[in-house]
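Me: Could you take a close look at one part of this structure for me? I'd like to hear what sits where, and what touches what.

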Amino acid sequence: MDAAQAISLVANWIRSHGLDYPTEGLAADRFEAGWSVYAPVTVDETDPMAFLDMPVGRSVFLVGDSGRIEEVSSSVPPQAAQDRFTTQEIANAHSSAGSDEAQFMAEFERAFHQAAAGHPPAVSSFTVVDGPPDEAAVAAEASRLLEPIAQQLAQLGPPGWERLAAEFAFTVSAEVAQLWFFSGDRSAAAPVPLSIGELVRHQRDVAARMPAGPWWRLLLTVTNRGVLTVEYDYGDQPFPDGQLLTADHYRNDLAAFPRPRVPVWLAGYVAGPAAQGRDPQRAAAAAAADAATGRNGVAVDGVPALADVWARWAALSAVYVGVRSDWGPRILPGHAWYESDRRSGSVLFVLPGERAVLSGGKWDSPLLEAAYNGGRPLPDLYSGAPAWVTDSVLNTRNRNGLLTFCLWWVGGRWHRGATDTSSELDVPLPPVRSFDETVRAMTGQTGPGTDPACAALLTAIGNGGATAHHVAALFTRVPGADVGAAVNQLSLAGLLTA
């Protein structure tokens, strides 16, 4: 099939379907599986607002060498649309090769379009009853519905704007809409009218028929030349502040649109404190039940003694604070805190009477994936735990169902619940599992040649003789280090001698 034949097929297809689309002056571009046919659009580049009259989501027709025609929106990146079309063409060819009936229908459709190419159509179309749903048609419809949204948003901008960004966070029971206009280094927020919100809601309802289901956030950017960029956010990453709705709204949405898989962070957020919460009443009741049945915590090997973990955590905290890093562990009154750059983290609470609680969460925990999306129970983190293991000394992930380990120190060793969580510790914990690991992490911040000073500080802490001089010696290669803040970290930890 050449370009002229592809254009002729599309022109007759447009007429047969009664579309409001030009049939004269069509252009065709070749791609792997056929031709992309469209009506070229000319924009007056001297008028920065001319694109308002331009069909942002205008149709493009993909014509396969098989004769199959698919209408897509220019809002969909051309390469993505063509790749999807090509994949379908290949699948159709394979399917047809194994089915006489499929071969007959493919040949019939090809003959139908080719006959229409030279003569006015005798019929407008034909329909195969009980055929599979046309996912591409749903996607094209969802894309077309973005056009009036983009155009109406554009009309809200101040004179001279260059780009707009709109973000919509929707469920069936709540909505957030945010809009900004940009010009150079200036930006201005603008309210989104209810009428546009209604268009967005309708677009989401249509998008809900796609395999991925309805989006939770719709992100649009539009330039003053009519370039529209679209992103559907299905929650692969946590939603930003201001666009995270309360948990009950996501429950409502999941009831209306059940999904085979929910992102673990969102599943935990929806589950809320009921999943892993341990207030004093629940903790006391659970501890009493454990005592009545003789259930005890499981002793844990592979985690250093409390004194070593606390000392290494404090030394690392002193280093990160001293080099003025926004990352790294910290010592706070009564507890140690750490959040990694991979959305995992932990806290260590030290309590009177030689007691402590170490807990946290691993972002991509297989335990939580299996629980929230695999039908397995949540990890048993608390069986055998003392009554003093409560929300007040647990990592706050437990309030959102995302805690993946909990250890308590009593009787001179660590214990855990029934679930083996040893594989959950590496990422959420700072590098405190061994003396050498901690030294390497310290020198990674203080620089080459500081290994002896780092090791000396850790040794001094272990011997109960750490001083401000030991801390200052860490930063000889760090200009502008905040030695006072570093010393304060060891002081807060109770590890600095006078």
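This is a predicted model: local features need pLDDT of at least 70, side-chain atom pairs count only at pLDDT 80 or more; totals for chains, interfaces and linings use all residues.

Reply: Residues are numbered from 1 along each chain as its sequence is written, and side-chain values use heavy atoms, with hydrogens and water left out.

Let's start with helix 7, residues 247-256 (helices are DSSP runs of H or I with at least four residues, strands are runs of E with at least two, both numbered from the N terminus). Its buried residues are Ala247, His249, Tyr250, Asp253 and Leu254 (buried means under 20% relative accessible area, exposed over 50%, partly exposed in between, with a 1.4 Å probe and protein chains only). They sit on the same side of helix 7 because they cover an arc of only 160° around the axis, the arc being that of the directions from the helix axis to the C-beta atoms. What they pack against is helix 6 (194-207) and helix 8 (264-271).

Now zoom in on Tyr250, which belongs to helix 7. Tyr250 counts as buried because its relative accessibility is 1%. Not counting residues up to four places away in sequence, Tyr250 touches Thr171, Trp216, Phe239, Gln243, Leu244, Leu245, Leu266, Tyr269 and Val270 (contact means heavy atoms within 4.5 Å). Take Leu266: it is 16 residues from Tyr250 in sequence, and the two are 8.5 Å apart, C-alpha to C-alpha.

Helix 8 turns up again at the second largest pocket, where it gives the largest share of the lining, three residues. In all, 25 residues line this pocket, and Pro238, Trp265, Arg343, Trp363 and Leu402 lie nearest its centre. Helix 8 and helix 12 (366-374) are the elements that give two or more residues to that lining. By class, the lining has eleven nonpolar, five polar and nine charged residues.

Elsewhere, Ser183 lies in strand 6 (residues 175-183). With 14% relative accessibility, Ser183 counts as buried. Leaving aside neighbours within four places in sequence, Ser183 is in contact with Gly160, Trp161 and Glu162.

Last, the cysteines. Cys406 is buried at 2% relative accessibility, and Cys454 is buried at 0%. The whole structure has zero disulfides, a disulfide being a pair of cysteine sulfur atoms within 2.5 Å.

Technical notes: On a 1 Å grid over the protein atoms alone, a cavity is a set of points where a 1.4 Å probe fits but cannot get out, and a pocket is an open set with protein on both sides within 12 Å along at least five of seven lines; lining residues have an atom within 4 Å of a point. Ala, Val, Leu, Ile, Met, Phe, Trp, Tyr, Cys and Pro count as nonpolar, Asp, Glu, Lys and Arg as charged, and the others, Gly among them, as polar.
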